[in-house]
There are 4 protein chains.
Amino acid sequence: MVKVGIVGATGYTGGELVRLLINHTKAEIKWLSSRSYASKKYATVYPNMFEIVDAVCLEDNMSELAEQVDVIFTATPQGYCASFIKEEILSKTKLIDLSADFRIKDVHVYEKWYGIKHQSPQFIAEAVYGLSEINRAQIQEARLVANPGCYTTCSILSVYPLAKEGLIDMSTLIIDAKSGTSGAGRGAKIDTLFCEVNENSKAYGVASHRHTPEIEEQLGYAANEKVRLSFTPHLLPMNRGILVTAYAGLKKDATAVEIAKVYQDHYKEEKFIRLLDYGVCPETKWVARSNYLDIGFKIDPRTKRIILMGAMDNLMKGAAGQAVQNMNLLFGFEEDEGLRLVPSFP
Amino acid sequence: MVKVGIVGATGYTGGELVRLLINHTKAEIKWLSSRSYASKKYATVYPNMFEIVDAVCLEDNMSELAEQVDVIFTATPQGYCASFIKEEILSKTKLIDLSADFRIKDVHVYEKWYGIKHQSPQFIAEAVYGLSEINRAQIQEARLVANPGCYTTCSILSVYPLAKEGLIDMSTLIIDAKSGTSGAGRGAKIDTLFCEVNENSKAYGVASHRHTPEIEEQLGYAANEKVRLSFTPHLLPMNRGILVTAYAGLKKDATAVEIAKVYQDHYKEEKFIRLLDYGVCPETKWVARSNYLDIGFKIDPRTKRIILMGAMDNLMKGAAGQAVQNMNLLFGFEEDEGLRLVPSFP
Amino acid sequence: MVKVGIVGATGYTGGELVRLLINHTKAEIKWLSSRSYASKKYATVYPNMFEIVDAVCLEDNMSELAEQVDVIFTATPQGYCASFIKEEILSKTKLIDLSADFRIKDVHVYEKWYGIKHQSPQFIAEAVYGLSEINRAQIQEARLVANPGCYTTCSILSVYPLAKEGLIDMSTLIIDAKSGTSGAGRGAKIDTLFCEVNENSKAYGVASHRHTPEIEEQLGYAANEKVRLSFTPHLLPMNRGILVTAYAGLKKDATAVEIAKVYQDHYKEEKFIRLLDYGVCPETKWVARSNYLDIGFKIDPRTKRIILMGAMDNLMKGAAGQAVQNMNLLFGFEEDEGLRLVPSFP
Amino acid sequence: MVKVGIVGATGYTGGELVRLLINHTKAEIKWLSSRSYASKKYATVYPNMFEIVDAVCLEDNMSELAEQVDVIFTATPQGYCASFIKEEILSKTKLIDLSADFRIKDVHVYEKWYGIKHQSPQFIAEAVYGLSEINRAQIQEARLVANPGCYTTCSILSVYPLAKEGLIDMSTLIIDAKSGTSGAGRGAKIDTLFCEVNENSKAYGVASHRHTPEIEEQLGYAANEKVRLSFTPHLLPMNRGILVTAYAGLKKDATAVEIAKVYQDHYKEEKFIRLLDYGVCPETKWVARSNYLDIGFKIDPRTKRIILMGAMDNLMKGAAGQAVQNMNLLFGFEEDEGLRLVPSFP
């Protein structure tokens, strides 16, 4: 059994990692840490785990943790993973970082968008961007996996095949994204109180959201050109789910059948990507609590644009599910071990 | 007192009309008709009206109605208003049609997007498009007002000043809109059941939604060119509210101050349009149950695009509120009579 | 115009007072205070008030406030009103306290249930319990009105006529209450985050909620006996609304007609109490954003119990609406001035 | 592998059965029938099953079905199972009926509360009431299992130990229950539209809900006396979850420790019942999408009542989960096979 440590175990993403790993047949949780709840029983923080998880939340002690486990998940705020990472740790254990610290290759871009100084830029080059469908081979060999962001996963995977095949004009790409509120975390803030979010919707971080450069970098690799796009996230009154609606000009006339074939060529072997029939719009409810990403598209001959749509669960394929998928790759397990969850409706 | 008849009084929009007119000091409801609930007490269909509205729902009888009232609101399905309208009626009473029958000047466009034959094309020319902020003078003289759609009101008013002043490249305009579920009406359908909508979001009518030509026509008048745009509506798990996020390329460099001045020049006298401070994103909760439309914008120097945002209540400024605003214009009342509702939060 | 000061203006109840008083024809807001947001523009805390309320939040200065206004509303935490009240203030201005400080006549009961020492017990005797339907005459003469709690208003008014007429066995009375989340206030707490409340329901404060002695005291006056009852509040995933389901043994066989007559005898002149037809269950949506309390009941011959149900808006009849109703009584205005709001649905 | 047929597979409960059985290691679905969607692909009715379930919905053909499968689940309206059941079927296959047809032993009680004539009363005696925790041994031997109702499961199991041990006065028992909207089914009805349920709560079926006699019968067996209780269901704006708050007079003084011991004695071996620490109130979110029932209680010395609280997922322990638990018993599988789902939060 692979021994696992989860740092930041009491956030929503940490909780989802715990939920997934409990039923993973080849991994066991050895260490749950939480600075906010250290020395509290985990099941008092998350009573869904009552009589399931008996552990007490520990302090963070990365050196000790590296001794005890085979892989560490860090579901922690930006900057935290970069603050403790060192060769000594990476030589003993694998590290899957769910923060943004090692996602962006250009440290100046990171520092500009996140507004913090990167504490360990020397590890950026080694880190593998953990989008399994794109970087599978490299992930298998990695020590340090940078687990993608929620918006970014949905955005990149929805657009990737068309960017790669040069079918869309990247300078016209606009991504309008909508997220459930669990993406905002479990911190006590007025903005995410029930009465503030319920019966409301809004855009935020317009032209300035930190997931923008991450999407641009990855789609830039695909398109083999520098990409500048518009990305606008919105907060919706639901717990889970991300919906991406992307708009791009088609470089040439392409039929739905041709576009569908491009997606098929890239994704037909992928267990977690479902390509919907033409004209079917993905809905977040149909992927909830699973690791699936559902993709649909529509060609608009009037405007010569294509509208791409992706739906997934932000805590699953957008965070914890993808992290477990990466762990499976790191250790040579079946890629969907522990992730064969059927979307739960309603 | 102006005597009012409401046809289709038991839909959500009809109900909102009733709510507004009860407190209108210069109008009184004389006739509530509903084909679904004819001969039922209105307050059994809408128990919020218990002890407030004593009326029984009547059958539609347009000739009789035209005799009895000074203005008719038709909150009815597409095609209905066009099926009964005739000179005899318009010579006796004013008509504010909340369906799409008289919104689009080119009957072929109407018939193509709506998929029905227009029964009374001879009245299309006369009808005034009831966007008070744009067509105030013509509305005051009208007999037949085509009350705009919910998505269209929010979309057009958010973009209008920039289209009019030639600041944006209309060929790049993309409108991503989000709506609460009351916009889908009170019909019993599986798609709008609580368990289907709650904890869900989706796009629908992609590249084919009927509000598209209406927005294109009105923005075409503003820009003085033929407009083709992408419009994508989304269904959100909330009762009320429309949020529009629009993207367009700026034709030339423009500062936030310059853009703000353009909006001010067009809207500063408007009672129902609130121009938010730069960088503030409108939220549907701040306008709920009022007739306000809140507008914000953000310039993105990286992409040379401007992102425009508008939020309003789909049943108010997007339907019943705007209809009452039009009635006020028709009869020379203060434009906000009956509409001085403070947005209700939470 | 009566000049009004609102202390604690940035809580949800404070916000509702502002909303109501803006449209009150005989009162005007002169002072908005908020310790959390002092010196901030009110409309930045509540952007629904943008371009409607121009005021800046002030510090609390009760002596100064008493000089400037005719009536003070305190929408503040328990203990605050008792901490500053003095004869000097009451001799200059009326005071409507929306906290519990002056609701309970026995100071020991207050101190035991609230766990704090009462700072001004000398004013308890003078304070009038502000349930307009029960204590109208005394309120008209009062200087200090103790505005009832939300659960208590709904519970007391739903049960009162039967308690008064001796129709139910008070020792069997059980009140199971359900509330929307705005009742928990606008403080940043994990328990009231969107993701914690949405898709959830729970009881809390079981056998220990502070509204219990308030209900017992008032129903004790009605029944003319000491009352001990079970009261259980529940938190529901909705913004507004309280629903009370009360159970009691009937002392003697009574028909629905007889029970209905008792309610009619007590409430038929009341503008804000609607007695539903027999068998109709009240729903919170039918009273939302109005000052109505809807009451229904059902007799169960199998158990010889009666089930009483009341629904109202916790921020309206349960807080701000009732406070304005009390202000109207204090100043001899029409009791529904500023409160003729039609319930808004959906 | 046990071969399974699901009749009524396109209701919410049917959908949940499918979700559970997909991951069951010892059962496989052989037949999905649906009268509403016969000959449609199941995954077009429930797109969460896209690429997971390939089957097409079949017509009901009970004789044919009995030939092909080892166990039939009927998730069908009242009266349907009784209309087709016969010895020929039961001799070939086991039958787990999720409707009420065989839950109540006295056919007159059934016919009175359900208002329909029972078509096969001759099988009532044989049917075993499928509350695994109470009737485990009989279920193991059964051919026909009457799967309990959602409200009834939560109500009975929460109260059972105290009824059995004679600790509460059964004549004082009052059950106030709250349910998510999935309990109302997937039929297209105005009452369960999003805009009607969202931001609303109400009681319904007061003193007349059909689950009443079922609870009374089972608790009567426990208490060994005829039981008459008050049961009031409420509809809440959430998809899933049932919360029961039950009130009863204690027959004698009992400490929390004594009460807890009674629960422990009955349930300590039960995998799906979690007894919360004293004073902890169960919440529906902590059991969502799992088969757990969480039970808590509070003694109120002031009223000498005990307040019992139970929370579970209405589609799981209240329907499909319990049905699979019963299937496991019928076939000698581990009782939690296919049911080791960790509650999913948020």
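**Chain contacts and helix packing**

Reader: Start with chain B and chain A. How many residue pairs are in polar contact there?
Author: The count is 30 residue pairs, with both residues at pLDDT 80 or more. Keep in mind that this is a predicted model.

Reader: Which elements of chain B supply that side?
Author: Each of these gives at least two residues to the side of chain B that touches chain A: strand E7 (168-179), helix H9 (194-197), strand E8 (202-203), helix H10 (211-223), strand E9 (230-235), strand E10 (242-250), strand E12 (293-300) and strand E13 (305-312).

Reader: Which one gives the most?
Author: E7(B) does, with seven residues.

Reader: And by class, what is on that side of chain B?
Author: It has 21 nonpolar, 13 polar and 14 charged residues.

Reader: How many residues touch in total, chain B against chain A?
Author: 48 residues of chain B are in contact with 49 residues of chain A.

Reader: What area is buried between chain B and chain A?
Author: About 4,100 Å². Carbon and sulfur atoms give 52% of that.

Reader: Which residues of chain B lose the most area to chain A?
Author: B:Glu199, B:Arg302 and B:Arg305. Together they account for 17% of what that side buries.

Reader: Stay on B:Glu199. Where does it sit?
Author: In the loop between H9 and E8 of chain B.

Reader: What about its phi?
Author: Phi of B:Glu199 is near 60°. That is a positive value in a residue other than glycine.

Reader: Now charges. How many salt bridges cross between chain B and chain A?
Author: Eight. Over all chains, the structure holds 116 salt bridges.

Reader: Which residue of chain A pairs with B:Arg302?
Author: A:Glu216. The closest N and O atoms of that salt bridge are 2.4 Å apart.

Reader: Why does that pair join two chains?
Author: A:Glu216 lies in helix H10 (residues 211-223) of chain A, and B:Arg302 lies in the loop between E12 and E13 of chain B, so the pair joins two chains.

Reader: What does A:Lys285 pair with?
Author: B:Glu196. They form a salt bridge with the closest N and O atoms 3.1 Å apart.

Reader: Which elements of chain C give two or more residues to the side that touches chain B?
Author: Helix H1 (12-22) and strand E11 (273-275) of chain C. H1(C) has the largest share, four residues.

Reader: How do the residues on that side of chain C divide by class?
Author: Into 18 nonpolar, six polar and 10 charged.

Reader: What area do chain C and chain B bury?
Author: About 2,900 Å² between them. 57% of it is on carbon and sulfur atoms. The contact takes 34 residues from chain C and 34 residues from chain B.

Reader: Helix packing next. At what angle do H7 and H12 of chain A cross?
Author: Roughly 35°. H7 covers residues 132-141 and H12 covers residues 316-331, and their axes come within 9 Å.

Reader: Right-handed or left-handed crossing for H7(A) and H12(A)?
Author: Right-handed.

Reader: Which residues make the contact?
Author: From H7(A), A:Ser132, A:Glu133, A:Arg136, A:Ile139 and A:Gln140. From H12(A), A:Lys317, A:Gln322, A:Gln325, A:Asn326, A:Leu329 and A:Leu330. By class, that contact has three nonpolar, five polar and three charged residues.

Reader: And in chain B, how do H7 and H12 pack?
Author: At an angle of about 35°, with their axes 9 Å apart. H7(B) passes H12(B) in a right-handed crossing.

Reader: Which residues of H7(B) meet H12(B)?
Author: B:Ser132, B:Glu133, B:Arg136, B:Ile139 and B:Gln140. Their partners in H12(B) include B:Lys317, B:Leu329 and B:Leu330. The residues of this contact divide into three nonpolar, five polar and three charged.

Reader: Last topic, the backbone. What kind of peptide bond joins B:Phe345 and B:Pro346?
Author: A cis bond, with omega about -5°. B:Pro346 is in the segment after H12 of chain B.

Reader: What is omega between D:Phe345 and D:Pro346?
Author: About 0°, and that peptide bond is cis. D:Pro346 is in the segment after helix H12 (316-331) of chain D.

Key
Residues numbered from 1 in each chain as written. Chains lettered and ligands numbered in written order. Predicted model: local features only at pLDDT ≥ 70, side-chain atom pairs only at ≥ 80, totals over all residues. Heavy atoms only, no water. Axes fitted to C-alpha atoms, helices over the stretch in contact; angles between N-to-C directions. Left-handed = near helix turned anticlockwise from the far one by under 90°. Contact = heavy atoms within 4.5 Å. Nonpolar A, V, L, I, M, F, W, Y, C, P; charged D, E, K, R; others polar. Buried area = accessible area lost by both parts, 1.4 Å probe. Salt bridge = Lys/Arg side-chain N within 4 Å of Asp/Glu carboxyl O. Polar contact = N/O pair within 3.5 Å; in protein donor to acceptor, adjacent residues only side chain to side chain.
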